[in-house]
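I opened the model to go through one set of paired strands and then the chain overall. My notes follow in the order in which I looked things up.

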Amino acid sequence: MSQTIFILLTFILLNTCFISCSNNSKKIEDWQRMNLRDRVQQVDELKYPTFQDYKKNQNAKKSFTRFTTDGLISKSGIYMGANDILWMKYEYKNDSVWIVESREINSNNDYPQAYWLYKIDPYGAQRSITSILLDSSINFHIETEVNAAGQATEIIYSQQKHPTFVPCKVRKIYDKNGSIKEELSYRYNSISEQCAENPTHSIFTTNKYGHVERENITSYDGKEFIYSYQYEYDEQGNWTQRIHYIGNDSKEVTLREVTYYKDE
């Protein structure tokens with residue numbers, strides 16, 4: 001797996017799996033994990049790497065996520081190029097979610113790339129993720145600790161084939177409303193072969209929908225950054241446009257089309 005695809009998939013998985021959930025008195029589903037409102041059938045995204053690309057309508061990365069009527073992801077796809085789709089197809093079995101990552105090129109049969117195994121608790125909170133390569137070896141493994149609301153408070157990576165591509169540990173702190181408040185991300189030290197002592201520290205400000213509007217970042221080497229996000233929403237309260245700023249400079253722009261199941 002290339003470094004670009006590895007980082008992209010890891011980002012997708014973390015954002016899919018560890019966004020705040022409701023309390024564990026009822027079953028947690030992916031609508032909740034992704035902070036989606038109402039009965040969403042599909043989310044289509046166009047992600048422009050820069051604001052200039054957005055203005056010129058060029059270089060957008062297209063992807064989509066499809067949901068069952070029970071609010072669980074059934075499949076997702078990333079368009080890697082013309083007639084080239086990277087699929088993630090989900091199968092649910094008791095306390096496990098088995099995901100086949102495959103590649104479809106020129107509308108031919110899918111070519112398996114890797115496999116993912118999620119373990120979930122009785123309420124649906126995800127407790128571990130294992131990335132498995134085609135030769136059955138482990139690409140990386142994630143163990144999570146969750147709070148009473150099903151939110152991941154600690155994420156620990158192990159068995160990493162490429163440890164410098166991902167953090168080796170992430171700690172998350174939430175406010176009383178369940179919105180993300182702080183995050184500590186520890187990088188892998190290739191010399192000591194363990195987590196480095198100095199983390200990258202993020203402090204978040206969220207809006208009334210629970211989406212991050214500002215992130216103050218102090219990196220492990222003392223550098224400071226400010227990320228901010230500007231949203232537009234539909235009538236149901238799901239965002240349809242997000243502009244990412246670094247400092248005062250607009251960068252990535254993401255457009256979303258949200259399709260809903262019709263009332264029966």
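Entry 1, a bridge pair. I looked up Trp116 and found that its bridge partner is Ser131, in S7. The model is predicted, and I read the pairing with that in mind.

Entry 2, the strands on either side of that pair. Strand S6 covers residues 111-120 and pairs with S7 in the antiparallel sense, over 7 bridges. I then checked the connection: S6 and S7 form a hairpin with 5 residues between them. In that turn I noted Gly124, which has a positive phi of about 95°.

Is strand S7 enclosed or open? I find 7 of the 8 residues in S7 (residues 126-133) buried, so the strand is largely enclosed by the rest of the structure.

I searched for disulfides and the structure holds 1. The bond joins Cys168 to Cys195, with an S to S distance of 1.9 Å. What does the pair tie together? Cys168 sits in the loop between strand S9 (152-158) and strand S10 (169-174), while Cys195 belongs to strand S13 (residues 194-195), so the link ties together parts that are 27 residues apart in sequence. I also looked up accessibility for both ends. Cys168 has 3% relative accessibility and counts as buried, the cut-off being under 20%. Cys195, at 29%, counts as partly exposed.

I count 3 helices and 18 strands. Of the 264 residues in the chain, 42% are buried. The accessible surface comes to about 14,500 Å², and carbon and sulfur atoms account for 46% of that. For contacts between residues at least 6 apart in sequence, I note that 31% join residues at least 24 apart.

The average pLDDT of the chain is 87, and 89% of the residues score at least 70. Over residues 1-26 the pLDDT is below 50. That stretch still has 65 contacts in the model beyond near neighbours in sequence.

Conventions. Residues are numbered from 1 along each chain as its sequence is written. This is a predicted model: local features need pLDDT of at least 70, side-chain atom pairs count only at pLDDT 80 or more; totals for chains, interfaces and linings use all residues. Side-chain values use heavy atoms; hydrogens and water are left out. Helices (H or I, at least four residues) and strands (E, at least two) are DSSP runs, numbered from the N terminus. Buried means under 20% relative accessible area, exposed over 50%, partly exposed in between (1.4 Å probe, protein chains only). Contact means heavy atoms within 4.5 Å. Accessible areas come from the Shrake-Rupley method with a 1.4 Å probe; for residues, only the protein chains shown count as cover. A disulfide is a pair of cysteine sulfur atoms within 2.5 Å. pLDDT is the predictor's confidence in each residue, from 0 to 100. Two strands pair if DSSP finds at least two bridges between them.
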